[in-house]
Amino acid sequence: MGGASSEVRKGQVNYSLAARMEVLMPEPQIYVERTLAIIKPDVVGKEEEIEDLILLSGFHIIQKRKLQLSPEQCSNFYAEQFGKVFFPNLTAYMSSGPIIAMVLARHCAVSYWKELLGPSNSLRARITHPHSLRALYGTDELRNGLHGSLSISSAEKEIRFIFPEAIWEPVPTGQRARDYLNLYVKPTLLAGLTALCKEKPADPMIWLADWLIEHNPNKPKLQYHISQ
């Protein structure tokens, strides 16, 4: 009887501990924010260099397009700036040649991208943020090299403008997140780990990272299109 009572008490303690852990550990969530990045006409030649810096900063480029906007399209894109003194020069500049538009993804993408860009005035950026992208690639306040969305809501609006086919799905949480991991992530990861064991590379972490990039089942196809 004493042994049975001890097992019951032990089970109660374990149940209580598990309940406390559920309270302390929230449901796992998948949340990746997106923002729009644009390489402006006079800096398009630095595309590869800028992309390398973007990737090194922890962003994923999930969509990409080369296009040329008409003055009317630029006016619509920058509609919130309408009426300001620089508006005609801005639309003329942004329609003067092809641009590279990218959808960037990572945790807190909007704020991190703004931080990487630096101040909107490239002359000021060179003084206050000398390592920022606008300090490195911009010329002045108008020709500042790159564009970034100011907020999550403006990012969604701008991405829809440049990539009208983009799908904004609800972010999966709880059981939906676990189902997604079981269906899409774990099989790929298991295949990668199996290949890793067979290959036995000198640097397993780098090898696995490269393998996962190469065999990503959701790897996006980059789109290039110049519209007149």
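## Model and confidence

This is a predicted model: local features need pLDDT of at least 70, side-chain atom pairs count only at pLDDT 80 or more, and totals for chains, interfaces and linings use all residues. Residues are numbered from 1 along each chain as its sequence is written, and side-chain values use heavy atoms, with hydrogens and water left out.

pLDDT is the predictor's confidence in each residue, from 0 to 100. Its mean over the protein is 83. A value of 70 or more is reached by 79% of the residues. Confidence is highest in strand β4 (residues 146-148), at 97. It is lowest in helix α1 (residues 2-24), at a mean of 49. Helices (H or I, at least four residues) and strands (E, at least two) are DSSP runs, numbered from the N terminus.

Two stretches call for caution. Over residues 17-30, pLDDT stays under 50, and the model has 11 contacts beyond four places in sequence for them. Residues 221-228 also stay under 50, with 18 such contacts. A contact means heavy atoms within 4.5 Å. Where pLDDT is low, the predicted coordinates should not be read in detail.

## The sheet

The open sheet has 4 strands, in the order β2-β3-β1-β4, and the pairing is antiparallel. The edge strands are β2 (60-67) and β4, each pairing on one side only. From one strand to the next, the twist averages 20 degrees. Two strands pair if DSSP finds at least two bridges between them.

Strand β1 (residues 33-39) pairs with β4 over 3 bridges, in the antiparallel sense. Isoleucine 39 stands opposite leucine 146 in β4. Helix α2 (residues 47-56) packs on the sheet and touches β1, β2, β3 (99-106) and β4. The direction of α2 makes about 160 degrees with that of β2. Axes are lines fitted to C-alpha atoms, for helices over the stretch in contact, and angles run from 0 to 180 degrees between N-to-C directions.

## Salt bridges

The whole structure holds 3 salt bridges. Each is a side-chain nitrogen of Lys or Arg within 4 Å of a carboxyl oxygen of Asp or Glu. Lysine 64 meets glutamate 47 at 2.8 Å, N to O. This pair links distant parts of the chain: lysine 64 is in strand β2 and glutamate 47 in helix α2, 17 residues apart. Lysine 64 also bridges to glutamate 51, with the closest N and O atoms 2.4 Å apart. Glutamate 51 lies in helix α2 and lysine 64 in strand β2, so this pair ties together parts 13 residues apart in sequence.

Buried means under 20% relative accessible area, exposed over 50%, partly exposed in between (1.4 Å probe, protein chains only).

Arginine 160 bridges to glutamate 156, the closest N and O atoms being 3.4 Å apart. Both lie in helix α8 (residues 152-162), 4 residues apart, about one turn of the helix. Arginine 160 is partly exposed, at 40% relative accessibility. Glutamate 156 is partly exposed, at 31%.

## Arginine 134

Arginine 134 lies in helix α7 (residues 133-137). It is buried yet has no salt bridge. The nearest side chain of opposite charge, glutamate 158, is 9.4 Å away. Lys and Arg count as positive and Asp and Glu as negative; His and the chain ends are not counted. Beyond four places in sequence, arginine 134 touches residues including Leu117, Pro119, Asn144, Leu146 and His147.
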